[in-house]
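Please read them with the sequence and the structure open beside you.

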Amino acid sequence: MTSTAPTYPTVVPTQPPALLLDGITKTYRSKAGSVDALRGVTYHFAQGSFTAVMGPSGSGKSTLLQCAAGLDQPTTGTVVLGGTTLSGLNEVALTKLRRNEMGFVFQAYNLLPSLTVYDNVALPLRLTGRRPSRGDVHRVLDQVGLQDKAKRRPAELSGGQQQRVAIARALITRPSVFFADEPTGALDSGTSRQILSLLREATERAGQTVVMVTHDPVAAAYAERVLFLSDGLIAGHLDRGTPAQIAAAMSSLER
Amino acid sequence: MFYLSRQTVSRHRSLYAGSFIALAVGVFLLGLAATATAATIAYSGPVARSITVTTLGGRDLEPRQVRVPLSDADVSGLQTVLSLVGTISGFITIFVIASTFAFAVASRRREIGLLRLIGATPSQVRRMVLGEVLVVALAASLTGAVLAQLATPLLLSKASYTELAPVKLEPASPWVPLAIAVGIGLVVAMLGARSAARRAGRVGPVDALREAALEPPRIGPVRITFGVLFLAGFITLLALIRPSTGEGVTPLAMFTPMLLVIALTLLAPVVVPWVGRLWALPLIAWTRVSGRLAQSNVVAAPRRSASLAAPILAISAIAGSMVLSLSFAADSAEATIRDTLRAPIVVEGFADLGEVPGVTAVDAGIPLQLIRISSDDAELEDAEGIDPAVASRTRDLTAISGDISRLTGNTVAVSKEMAGFDSYQVGDEIPVTFTDRSATKLRVVAVVKDAQGVNPSILIPLDLVRRHAPTAQPERIFVDGVDLTTLNEHLSGTTAHAVPAAEWEAEQAEGVREGNRLGLILLLGPAALYSAIAIANTLLMGSLQRRHEFITSRLLGATPAQIRRMVLWESGLVGAVALSLGTAITLTVGILIRHAMNSGLTDVPMTVPWAVLTGIAGICLTLAVGSALAPTTYILRRSQPSAAVD
């Protein structure tokens, strides 16, 4: 690790990690040859932690997120989420785990255009077969500050509002882990601040774990820890860094 | 999930408008066929105009009562046509629904991936898509049924007093037939949407994160298996087209191409790019950029190209095969008539020719109808009473087995086709009932060559006809030994007139073709209308989907004309691929059927209805290109390149 990115000894967690990656590798094969996107990543995400994953383009950060969330199968290695090993699960079991334990927030707001805000937020509950209570839906909409927009459709909302709906939708099932991929990538700085505060609130208030992939040092500074990825390996981390420190660490990685 | 389905459909109204129209028209045609069939079933002619007989029964067959309507109250011709119309409509509907829903699913890949991401299981996604189909299918089927009910009186008034139904038809109770049509519509829609739903279930959550909308070109083993199975079925049916096929030619000409169409559609993601590459070679040589772009678009998105090609392939193959087969059937009939008739002159009408000087043969056979009873059915058949001594001089009555000169008393000669169908042999006895209600048994004395147009399938002694139908008269007389002018002088003042045999033969052949034309219009008219909607529908949807791509190309510096040219070549290419496959099917079926029908005939004329065939191809191509270009032009006019940045 370079001098601009001070490292701290990893704290041995006192409780089981919310998310455990053990020796994850991922190789993409195609006619043109094979590409190693991840080359052995081992990491424990502690419960209630807010971790940002950063790295240059092609460093494997999106692949890491997808493997961790069970959206993609690692070539080797295991992922354990809240005590459940992902590799042994079939598609249906994985889906059920995903809807109960994971929340997703992505750059493209990923709302269903045909549903109202209320219905979008209630959808994960409907998918589990539960009847969403009005109170629950309004509570999370309240939490993201959109209680008056319940009847709107996504197209009638601004980008930041849509992203807040996505967060509300992720909050409603009270997942143990949030996966966020560039959640502020398409937003202005003021709106970004709201979104990141919401994510941080989730870790502080409900002990939920957030794993966020970003390339924006300002966004990464909201996390307790920034994990740097380079060439498919963890290249180091930085705890409670300022945007400037994080940017410096990044540019040294890219050099 | 049904709640979600309803929401999605109302949101993606334009995406489903095509499916809705296609299914509504399909159910409309089905419903019309059903209500009209109901009217024919409900029709009960005067009791006096029918005869009830008991079938023979046999091993595992109970004898049963059959009410056989006499010719002037027979509506079975219309029933046959209606059932064929229903079959074709149902078949094409499955096709169209399958391709429109495949489209709808493919274009919503990201949305479906998102559902999976937030916790929908594959089976929930499948159910959602099926739910969408159900919403659309219910609305469309009901609309189609209402339209069918409104149009039924019109159809019945048009169909009444025609060759197919020479009676007055009244609308029957519509509930059962329309319920059947709606039911078929729903089932057909579900069948058509099944593969789309399954494919939707296979969309992974990670697809929500991907920008690329191109589908993987792989096709599943199940699809390949079924494709190969249908191919095998096609080959089996081809093998059935033999010289003995006879009247089975029309259904075979219809069902054989259907099987290959299904096979090729299942295998289309493999076949279409391959044929597309071939067709693109001259295109690439001729144009600079647009041809090459068109080729890559067709080859790189095999699923999309396959969906676009499917309806064109279906209608061109089915219509082409039927048109060609029926034309060849008429050719073969013409040659048969020519070969069978030996007399040089034919008198049309009836006149007494006994006193005409020089006449050596007057073959005045009398037509009549009789009910032939077999083990499981009884049918009204055309027969002719002949004098075997005279008739074997004026026409070819060569016996394949037995002896035609023994046709006296209660005896019968049957055609080879009928003998083959009901396995009659010389010496067998056929129970018949004459229209004067007297029943008897006729002993088979000979099996003669088929000669439709000259000899009916059943020949009986002239005396027998005179006894059971004393008032019946000949309709045409074959004459030998006198010249035409003398004969016509003798006939002046009567309604009859004499013509040379060649002229009469040509008239008969033209009559066959005329009948074919009517059948084709009835059978293919609705199917063609429907396919036109389908072709336009899929291409419209396909082009509207590509708004973003077109705008991006504009941003990259492509002129609107270049993009239009690309779309022109692309849709032309897809059309050409589909039409070349359709042509291959048409040729295969046509050649085999011709070969089967012409065995034993020489110098058969060959009439290829070029105008109709090229017309079908031209309309398909025009529709394909037109319905791709129109939305492209619309998109290009409506949006500036800057829209790509939004």
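**Notes on the model**

1. Counting pairs of cysteine sulfur atoms within 2.5 Å as disulfides, the total over all chains is zero. Please keep in mind that this is a predicted model.

2. In chain A, four strands make up an open sheet with antiparallel pairing, and their order is S2-S1-S4-S5. The edges are taken by strand S2 (33-45) and strand S5 (84-85) of chain A, each of which has a single partner strand, so that one side of each is left without a neighbour in the sheet. Within this sheet, strand S1 (residues 19-30) of chain A is joined to strand S4 (residues 76-81) of chain A by five bridges in the antiparallel sense, and Leu19(A) is found opposite Leu81(A) in S4(A). Helix H1 (residues 61-68) of chain A packs on the sheet, where the helix touches S1, S2 and S4 of chain A, and the direction of H1 makes about 120° with that of S1(A).

3. Also in chain A, helix H3 (residues 117-127) and helix H4 (residues 134-143) have axes that come within 10 Å and cross at roughly 110°. Because angles of 65 to 115 degrees count as roughly perpendicular, H3(A) is described as roughly perpendicular to H4(A). On the H3(A) side the contact involves Val117(A), Tyr118(A), Val121(A) and Ala122(A), which meet Arg134(A), Val137(A), His138(A), Val140(A) and Leu141(A) in H4(A).

4. In chain B, strand S9 (residues 429-434) deserves a look: five of its six residues are buried, so the strand is largely enclosed by the rest of the structure. Strand S5 (residues 366-373) of chain B runs antiparallel to S9(B) and is joined to S9(B) by three bridges, with Arg372(B) opposite Val432(B). S9(B) also pairs, again in the antiparallel sense, with strand S10 (residues 439-448) of chain B over five bridges, where Glu429(B) has Arg443(B) as its bridge partner. Four residues lie between the strands of the hairpin of S9(B) and S10(B), in which Arg437(B) takes a positive phi near 75°.

5. For chain B as a whole, the domain assignment gives domain 1 (1-50 + 71-213) and domain 2 (345-501). The C-alpha centres of domain 1 and domain 2 of chain B are 49 Å apart.

Notes
Residues numbered from 1 in each chain as written. Chains lettered and ligands numbered in written order. Predicted model: local features only at pLDDT ≥ 70, side-chain atom pairs only at ≥ 80, totals over all residues. Heavy atoms only, no water. Buried < 20%, exposed > 50% of the residue type's maximum accessible area, 1.4 Å probe, protein only. Helix = DSSP H or I, 4+ residues; strand = E, 2+ residues; numbered from the N terminus. Pairing = 2+ DSSP bridges. Domains from an automatic or database assignment. Axes fitted to C-alpha atoms, helices over the stretch in contact; angles between N-to-C directions. Parallel < 35°, antiparallel > 145°, perpendicular 65-115°, else oblique. Contact = heavy atoms within 4.5 Å.
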